[in-house]
Amino acid sequence: MKKLLKIAVILAIIGVLSAMYVWFFVYNKPHRNYQTAEVDFTLPAQMCYNQYANRADEAIQYTGKVLQIDGIPSSIEKTDSTVIIVFAYNTGMFGDEGIRCSVLPDYQDKVQEIKLMKQVVMKGYCAGYNGTDVILEYCSIITQ
Amino acid sequence: MKTKYLIITIIVLLSTSVFGQRYITKTGHIWFHSEAPLETIEAHNSQVNAAMDIKTGAIVFKVLMKSFIFEKALMQEHFNENYIESTFYPNATFQGKITNSENIDFSTPGTYNAEITGELTIHNVTNKVMATGTLEVTPEIIHGKSKFSIQVADYNIRIPDVVAGKIAEDVDIYVDIQLKELNKESLKSAN
């Protein structure tokens, strides 16, 4: 009887620990920290845009990966919910086209220090190409 | 093929308009919300492309699916990999028209009720949708808001039985866009 009780207690502990693991590390696992994430591809911003816009084979590999790009920003757009740094390389039906980097909240104050028309290096998650722009989310500013 | 038609429609829609009639944004905010007994799901996308021709009432949206940000990382993963399959179907599109544009005076500031009908393509499936909303006209921008519902099954999005109780069959979609007149220099280059 004691042995059975012992097994039941061990199984209960394993069950609780498993449930805790699933709850904290699977179901509620945190978003990847893109600020510290390892960079998958480093390339000039204009090359990245050109490859997507020209439907080059290389562009496919960037979607869903962490990119580090360098280029000269043309504008900064602020909305109620986000700050976006724009690298424009073309003009189309929706206006300027290029790379649009949505900046992480921790870096939104740093955006004010960015000087337009001067080189900046940024890192972020590449969400892909929407037909006019390459979209980078969770962006951090590496150098300016 | 549908993408080809969409591009042609956008070109026709925009190239036939004249200066001062094309309003655009690339920072449109779209979010969706669904409530099931076990799970509330909400995700936001703040980099939505939208264009409106105030002469014809034509409206176009383009939404990159991987730009939807969820509170839970696991939900975001499942949304992209299992449900929307955003690697294969990266964008959602809407092309439609304001059907009561005769009641909206874009030259007079004010808030107007708008009725919109069009075709929504998600997961490579296109359905007709109707929505109501408001357009707040100011001298600087046109601020559009709308809310409508879709059924996930209509877009061939399969929910496995094991999580069926967690995900609602209906999803409410909210739209909040601030459209600005496309500047004339860009327009000259584009045309």
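## Order of elements in chain B

From the N terminus on, the elements of chain B in this predicted model follow the order α-β-β-β-β-α-β-β-β-β-β-α, made up of three helices and nine strands; helices (H or I, at least four residues) and strands (E, at least two) are DSSP runs, numbered from the N terminus. Of the 191 residues in chain B, 50% are buried, a term that stands for under 20% relative accessible area, with exposed meaning over 50% and partly exposed in between (1.4 Å probe, protein chains only). Among the contacts in chain B with a separation of 6 or more, 60% are between residues 24 or more positions apart, where contact means heavy atoms within 4.5 Å.

## Basis and confidence

The model is predicted, so that local features need pLDDT of at least 70 and side-chain atom pairs count only at pLDDT 80 or more, whereas totals for chains, interfaces and linings use all residues. Residues are numbered from 1 along each chain as its sequence is written, chains are lettered from A and ligands numbered from 1 in the order in which they are written, and side-chain values use heavy atoms, with hydrogens and water left out.

The average pLDDT (the predictor's confidence in each residue, from 0 to 100) of chain B is 86, and 85% of its residues score at least 70. Over residues 14-19 of chain B the pLDDT stays under 50, and the model has twelve contacts for them beyond four places in sequence. Residues 185-191 of chain B also have a pLDDT below 50, with 14 contacts in the model beyond near neighbours in sequence.

Strand S6 (residues 110-122) and strand S7 (residues 125-137) of chain B run antiparallel and are joined by 13 bridges; two strands pair if DSSP finds at least two bridges between them. B:Thr117 has B:Met130 of S7(B) as its bridge partner. Two residues lie between the strands in the hairpin of S6(B) and S7(B), where B:His123 takes a positive phi near 60°.

S7(B) pairs in turn with strand S8 (residues 141-151) of chain B, in the antiparallel sense and over six bridges, with B:Gly133 standing opposite B:Ser146 in S8(B). The hairpin that joins S7(B) to S8(B) passes through three residues.

## Domains and pairing in chain A

Chain A is divided into domain 1 (1-30) and domain 2 (41-143), with bounds that come from an automatic or database domain assignment. The centres of these two domains of chain A, taken over C-alpha atoms, are separated by 45 Å.

Strand S1 (residues 41-44) of chain A runs parallel to strand S2 (residues 66-71) of chain A, and four bridges join them; within this pair, A:Leu43 stands opposite A:Ile69 in S2(A). With strand S6 (residues 120-129) of chain A, S2(A) pairs in the antiparallel sense over six bridges, and here A:Leu67 stands opposite A:Gly124 in S6(A).

In helix H2 (residues 45-53) of chain A, the residues A:Ala45, A:Cys48, A:Tyr49, A:Gln51 and A:Tyr52 are buried. They lie on the same side of H2(A), because they cover an arc of only 165° around the axis, as judged from the directions from the helix axis to the C-beta atoms. A:Arg55, which follows H2(A), has a positive phi near 55°.

A:Arg100 lies in strand S5 (residues 95-103) of chain A and counts as buried because its relative accessibility is 2%. Its side chain is joined to that of A:Glu77 by a polar contact of 2.7 Å, that is, a pair of N or O atoms within 3.5 Å, of which, within protein, one must be able to donate a hydrogen and the other to accept it, residues adjacent in sequence counting only if both atoms are side-chain atoms. Leaving aside neighbours within four places in sequence, the contacts of A:Arg100 include A:Asp133 in chain A and B:Lys26, B:Thr27 and B:Gln47 in chain B.
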